[in-house]
Amino acid sequence: MRSDVVASIAVGPPRSPTVSVLLYEGMSAFELGIVTEVFGLQRPELDLDWYRLAICAQRPGPVRIIGGASLHADGDLDRFAAADTVIVSGVSDPHGPCSPAVLDALRHAHRRGARVVSICSGAFALAEAGLLDGRRAATHWRYAELLARRFPAVEVDADVLYVAEDDVLTSAGSAAGLDLCVHLVRTDFGPTVANAVARRLVIPPHREGGQAQFIEAPVVPHADDDRITRSMSWALEHLAEPITLDALARRAHMSPRTYLRHFTRSTGTSPIRWLITQRVHASLALLERGDLGIEEVAAAVGFEHAVTFRQHFVATLRTSPSAYRRTFRAG
């Protein structure tokens with residue numbers, strides 16, 4: 001018998017990777033939807049043995065979610081812990097203890113070699129199970145301080161989209177869970193398949209885990225401060241030009257000192273900090289297009305030097321302009 005046939009008989013067909021997600025009382029349907037959309041939706045166009053998803057709960061049966069609806073869980077905690085990848089997409093109360101049975105299931109899954117994943121407040125369950133001790137971990141920025149306070153052995157990173165540390169992975173809130181799930185697909189099936197899934201989801205094909213959870217949006221001043229509003233509108237139309245505090249103050253017909261005071265009161269930030277954020281934000285579309293060099297992008301949004309642009313970009317987004325551009329070229 002040919003050696004390739006023998007090998008085929010010995011190994012057998014490839015096994016679809018298994019994923020389980022935990023239902024809990026009061027969960028968000030969106031966070032469950034992230035997991036079901038990535039791992040539960042069959043993708044015949046990829047011609048792969050796709051994931052087999054199990055939706056589990058502490059006890060099989062109906063589980064009430066936000067809005068008063070109920071979802072039915074077929075699997076119990078034994079089935080939850082038996083998957084190749086187990087996902088906790090949140091907890092009922094980040095301030096209180098988790099179910100001992102859930103914690104035992106997480107520990108058992110980790111001991112047997114499963115990949116353990118959390119989305120948003122699910123990091124609290126992983127931390128209480130002791131799986132994050134001595135590790136970096138992400139959670140929604142609004143929970144980061146609480147997670148660090150409750151579990152001092154965890155190195156909480158309040159800014160990043162997700163942290164992928166070996167077999168324990170954590171993400172920030174809501175949509176950052178999509179980034180982490182697509183990262184898992186990339187790990188399992190490679191970038192081509194991950195990019196296809198991202199296109200199906202209509203999301204960027206890849207955002208690095210270290211990217212910032214958010215970028216400050218343009219700040220809208222108080223409606224009664226028309227002078228500040230006009231100066232900000234002018235600045236947005238002239239981002240490529242040198243803009244100083246004196247120039248903004250002149251547009252508002254104020255002294256620089258008075259303008260600074262009014263601007264800070266209206267927006268909660270300084271004029272220069274706001275201007276830097278707008279320039280970084282304006283650079284994103286240019287980087288996504290990919291037809292300009294980094295130096296040209298920097299000049300187009302008003303940075304005098306590419307080095308300064310890179311420094312402010314990294315400080316704002318926790319990733320470099322080149323890495324951000326690769327995200328879209330990979331797609």
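Two aromatic rings, from Phe, Tyr or the six-membered ring of Trp, are counted as a pair when their centres lie within 6.5 Å. By this rule, the structure, which is a predicted model, holds eleven aromatic pairs. Planes over 60 degrees apart count as edge-to-face. The planes of these two rings stand at 65 degrees, with the ring centres 6.4 Å apart, so Phe124 and Phe151 make an edge-to-face pair. This pair links distant parts of the chain, as its two members are 27 residues apart. Phe124 belongs to helix 5 (residues 123–128), while Phe151 sits in the loop between helix 6 (144–150) and strand 8 (155–157).

Next comes the packing of helices. Two packed helices are described by the angle between their axes and by the distance between those axes. For helix 9 (residues 226–237) and helix 12 (residues 271–289), the angle is about 40 degrees and the axes are 11 Å apart. The crossing of helix 9 and helix 12 is right-handed. Where they meet, helix 9 contributes Met232, Ala235 and Leu236, and helix 12 contributes Trp274, Leu275 and Gln278. Sorted by class, this contact has five nonpolar residues, one polar residue and no charged ones.

Finally, there is open space to consider. The largest pocket has a volume of about 380 Å³. It is lined by 20 residues, and the closest to its centre are Leu23, Tyr24, Glu25, Gln58 and Ser92. The lining of the largest pocket comprises twelve nonpolar, five polar and three charged residues.

Technical notes: Residues numbered from 1 in each chain as written. Predicted model: local features only at pLDDT ≥ 70, side-chain atom pairs only at ≥ 80, totals over all residues. Heavy atoms only, no water. Axes fitted to C-alpha atoms, helices over the stretch in contact; angles between N-to-C directions. Helix = DSSP H or I, 4+ residues; strand = E, 2+ residues; numbered from the N terminus. Left-handed = near helix turned anticlockwise from the far one by under 90°. Contact = heavy atoms within 4.5 Å. Nonpolar A, V, L, I, M, F, W, Y, C, P; charged D, E, K, R; others polar. 1 Å grid on protein atoms, 1.4 Å probe; cavity = no way out; pocket = protein on both sides within 12 Å on 5 of 7 lines; lining within 4 Å. Points joined across faces, edges and corners; volume = space filled by probe spheres on them. Phe/Tyr/Trp six-rings, centres within 6.5 Å; stacked < 30°, edge-to-face > 60°.
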